[in-house]
Amino acid sequence: MERLVINGKRPLSGEIKIHGAKNAALPILCACILCDEKVILHNCPKLSDIDNTIEILRYLGCKVSRDEDTVEISNSDCLKDNIPRDLMNKMRSSIIFLGPLIAKLGKANLCLPGGCELGPRPIDIHLKSFEKLNIDVFEHRGSIDCKTDKIKGTSINLPFPSVGATENIMLATVLGNTKTLIHNAAREPEIIELQNFLNKCGADISGAGENCIIINAVKKLHGCEHSILPDRIEASTYMSFAAATGSSLTIKNICNEHIEPVVFAFREAGCDMNFKENELTICAPKRLKRIMHIKTLVYPGFPTDSGMPIIAMSCIAEGTTIFEETIFQNRYNATAELNKMGANIKIYDRIAVIEGVKSFYGADVEATDLRGGAALVCAGLAAQGTTNITQLQHIDRGYENIEHNLSLLGADIKREKN
Ligand code: EPZ
């Protein structure tokens, strides 16, 4: 088993280039099964979730090659209409294959994606939306059978602006001769990115990023060459690393607008931030001030995925921070591990009360989920002494080469095999 060994309390310095966004690359890779010609994706991060998605594309019959951060996908004329359980269970976002498979083949058979460490991850909004599109959905013994003679355009009102459901509906309705409207659609930047990618391939979609997305289906989608937008969550994570270690860091290859929702928190914590084009220099104080209250919301609110690393940095701030999670049921898995490192976090259902302590101290801890793992790295970088983090598969899902990047910034961190 691998572990990260971090000797903390070393300031970071220098600059970090942010990678392409995992949560943009995943739905775009699923969309490639709709394209009749080759797709070339640049700035595609090297992450296990991406590898798993490529494995599913190959299983379905696509030809996929990868050279560093460029991935080439050529569709096949005879796609399989099912994805086996072992491939589906590796990650939740494999459910986004459902829409494009139904659009392409008129049927699909997948197993229900597992819940995850964040709690139950239902897909009722996806499936109810498909039924409105004249897709028959049969759920039995943990698998989903979908089929349709013809997808019918309609107006869908999402009960919650689900990112995955919005993406699945876009991919189910982009081909054909229908018109579909998605009201109360998710507005995340990754939704706009999916619209931009599909339109580059010949689709006719508008409204992404606003309340209503309009999909005028087209006969076919050709290929394209596309560069994935920067990962706003990776960027906010490195901002937390800088804040927790009293460092100055330059974070390059960002989309400034997408960082906006977290800026207030770092400013309130006493960090200076200087934005240039696609670049941010963050300078943290020796000791952070507490952030009064953070409440996670759908975009453009404070993103849930930025939460845990900001909770970690708040553990050593002066004063008490109140953090309110409104998106996921179990966002706080990692707080027990942070408390092992000397933090003082109390959880009351969706509310975390973080009472600032002087310092973390190194301990042996386990990553529980992707962003919780990033929070433990943040705490380890700031801790007095040595921290050993295991269960790195969680961290490797969303952060490319984290120990290499942090070493280049001056951290004393290495990956060791137990
Ligand atoms: C996407 O997950 C992201 N994943 C998540 O990032 C992110 O936290 C989330 O959006 C919110 O921004 C990918 O893009 C691959 P949702 P998704 O559907 O699509 C409930 C990370 O760390 N819900 O907007 O699953 C659901 O239970 C990951 O990179 C239903 O009830 O998010 C949750 O409470 C974690 N029924 C809430 O909505 C449904 O049918 C948000 O879910 C669908 C969702």
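**Helix packing and a buried histidine**

Just after helix H5, Asn134 adopts a positive phi of about 70°. Helices and strands here are DSSP runs numbered from the N terminus, with at least four residues (H or I) for a helix and at least two (E) for a strand. The model is predicted, so local features need pLDDT of at least 70 and side-chain atom pairs count only at pLDDT 80 or more, while totals for chains, interfaces and linings use all residues. Residues are numbered from 1 along each chain as its sequence is written, and side-chain values use heavy atoms, leaving out hydrogens and water.

H5 itself spans residues 124–132, and Ile125, His126, Leu127, Ser129 and Phe130 are buried in this helix (under 20% relative accessible area, with a 1.4 Å probe and protein chains only). Their cover includes helices H4 (98–105) and H6 (163–173), together with strands S7 (136–140), S8 (143–147) and S9 (155–157).

Elsewhere, helix H1 (residues 22–31) meets helix H7 (residues 189–200), their axes coming within 9 Å and crossing at roughly 35°. Axes are lines fitted to C-alpha atoms over the stretch in contact, and angles run from 0 to 180 degrees between N-to-C directions. From H1, Asn23, Ala24, Pro27, Ile28 and Ala31 touch Glu190, Glu193, Leu194, Phe197 and Leu198 of H7, contact meaning heavy atoms within 4.5 Å.

His226 lies in strand S13 (residues 224–227) and counts as buried because its relative accessibility is 6%. Leaving aside neighbours within four places in sequence, His226 is in contact with Ile28, Ile40, Leu41, His42, Glu193, Phe197 and Lys200.

How values were computed. Buried means under 20% relative accessible area, exposed over 50%, partly exposed in between (1.4 Å probe, protein chains only).
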